[in-house]
Amino acid sequence: MEKSFNNLKMMAWSDSWPKATAISNSNPAPFTAAELSEVTGDDFSLLPLDDLEYQSTQGDLELRQMMVNQWYSRSQVNDLMLTAGAQEALFIAFQAIVKKGDHVVCFTPCFEPLTLMPEQLGARITRLPLTDDWQIDFDALATALKDDAKVLVLNFPHNPTGAHISQQMLNEVLQLCAKQQVFVISDEVFRGLEHDPDKRLPAVANIYKNAISIGVMSKAFAMPAVRVGWLLCQNHQVYQRMLAIKNHLSICVSGLDVAFMKKAIPFDELIWQRSVALINFNKGLLNKALRHHPAFNCHMGEASATCYVVHDDARIWASDLADQRGFKVLPAHCFETDIQGFRLSLGIKNFQQILDSIWPQSN
Ligand SMILES: Cc1ncc(COP(=O)(O)O)c(C=O)c1O
């Protein structure tokens, strides 16, 4: 039997313009070591590491303890596992939970792998559109979950829209899942990028046993070069299955990355705030620019580092933008949605210059 992986539409689109500058990335502008030292007041220029041995499959114990103490107070150190980025974490989570014929429910627009990964495992996918203001349609969700759903995929703070939900809404979602015995895979890679930190939610796996929460260093920490993500899960059968799958993949993360994380994580709030300040500033610039361009519409979110700009001819517009001005954004088909538009990054430095280039006379 021939088996193949479909390429991601977002990669295929992006690869069509290898020289264009991406202005759609979901990570905030990455830190330099010098900037990190400035923000934290600590020295990040040299990293001590004596031991260049393999790490354990679960990941460094001291680091996991630090993460659990700091972010996941209701979980144990053995509920947490480090992975090679969030992408490997997602792959492991779907492999561990989903099999052929299972029903998986996911909101759209969405980060493409959230539907593509379970689909490639043979699952039946229900794509539930978010409302016009990027909120959950609870009636549609209840109906979909009642249809023998096995897994609900969550991603709040949300990519691409920047949408977020309240604690009360999350409670309602989890009540529906508990009632129908639905497992939750919660992609929380933008946790820490709430535009108002008071809106931060607990990790789903910290409060719901049949759940996996996923985090990463590339987004809220703005450090994609530190190629570490993680899986949190209090269901130990599922955890053991994930550990076995990981042994077929990266086996363990880099010890150099671990050393870096141990230094960075104590400064989490300071590091997140630097990106949130940039994002909030850029939101103001974009709102101002869009006033001059009524054909473009954006319901700005409350979290994460991107927004979704609605525009009728977005695909043609995005293609012209890449051809003629050398800037790349990702249009609707990359996010499994019929709502024509494109994702724009709010985490870019010199954002006004970008706005002036893509929409001349926008200031
Ligand atoms: C929602 C979401 N989940 C997971 C990932 C994967 O993160 P990483 O590439 O750092 O592994 C991304 C990356 O864009 C993302 O947006």
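The model is predicted, and its protein chain is assigned two domains, domain 1 (9-36 + 268-358) and domain 2 (48-266).

**Ligand shell**

- The shell around the ligand comprises 14 residues, of which Gly85, Ala86, Gln87, Phe111 and Ser218 come nearest.
- By class, the shell around the ligand divides into 7 polar, 6 nonpolar and 1 charged residues.

**Nonpolar core**

- In soluble globular proteins, nonpolar side chains tend to be buried together.
- The largest nonpolar core has 112 residues, and those with the most contacts inside it are Ala93, Val151, Leu152, Val184, Ile212 and Leu231.
- Leaving aside residues up to four places away in sequence, Val151 touches Ile97, Val98, Asp102, Val104, Val182, Phe183 and Ile185.

**Domain arrangement**

- The centres of domain 1 and domain 2, taken over C-alpha atoms, are separated by 24 Å.
- Contact between the domains involves 31 residues of domain 1 and 34 residues of domain 2.
- On the side of domain 1 that touches domain 2, the elements giving two or more residues are helix 1 (9-15), helix 11 (268-290) and strand 9.
- Helix 11 provides the largest share of that side of domain 1, with 7 residues.
- The residues on that side of domain 1 comprise 17 nonpolar, 9 polar and 5 charged.

**Strand 9 and its partner**

- Strand 9 (residues 306-310) is mostly covered, with 4 of its 5 residues buried.
- Strand 9 runs antiparallel to strand 12 (residues 341-345), and 5 bridges join the two.
- Val309 has Phe342 of strand 12 as its bridge partner.

- Ala29 is located in the loop between strand 1 (21-22) and helix 2 (33-40).
- Ala29 counts as partly exposed because 19 other C-beta atoms lie within 10 Å, whereas a buried residue needs 20 or more.
- Not counting residues up to four places away in sequence, Ala29 touches Ala222, Leu278, Gly347, Ile348 and Lys349.
- Ala29 and Pro224 are 195 residues apart in sequence, yet their C-alpha atoms are 9.8 Å apart in space.
- Ala222 occupies the loop between strand 7 (211-216) and strand 8 (229-232).
- Ala222 counts as buried because it has 24 C-beta neighbours inside 10 Å.

**Backbone features**

- Most residues other than glycine have a negative phi, and most peptide bonds are trans.
- Ala222, although not a glycine, has a positive phi of about 55 degrees.
- Glu336 is likewise not a glycine and has a positive phi of about 60 degrees.
- Glu336 is placed in the loop between strand 11 (330-331) and strand 12, and Glu336 is classed as buried because it has 20 C-beta neighbours inside 10 Å.
- The peptide bond joining Thr108 and Pro109 is cis, with omega about 0 degrees; Pro109 lies in the loop between strand 3 (103-108) and helix 5 (113-120).
- A cis peptide bond also runs from Asn159 to Pro160, where omega is near 10 degrees; Pro160 is in the loop between strand 5 (151-154) and helix 7 (167-180).

Conventions. Residues numbered from 1 in each chain as written. Predicted model: local features only at pLDDT ≥ 70, side-chain atom pairs only at ≥ 80, totals over all residues. Buried ≥ 20, exposed ≤ 12 C-beta atoms within 10 Å, placed from the backbone. Pairing = 2+ DSSP bridges. Core = buried A, V, L, I, M, F, W, Y, C linked by C-beta atoms within 7 Å. Contact = placed C-beta atoms within 7 Å. Near = placed C-beta within 6 Å. Nonpolar A, V, L, I, M, F, W, Y, C, P; charged D, E, K, R; others polar. Domains from an automatic or database assignment.
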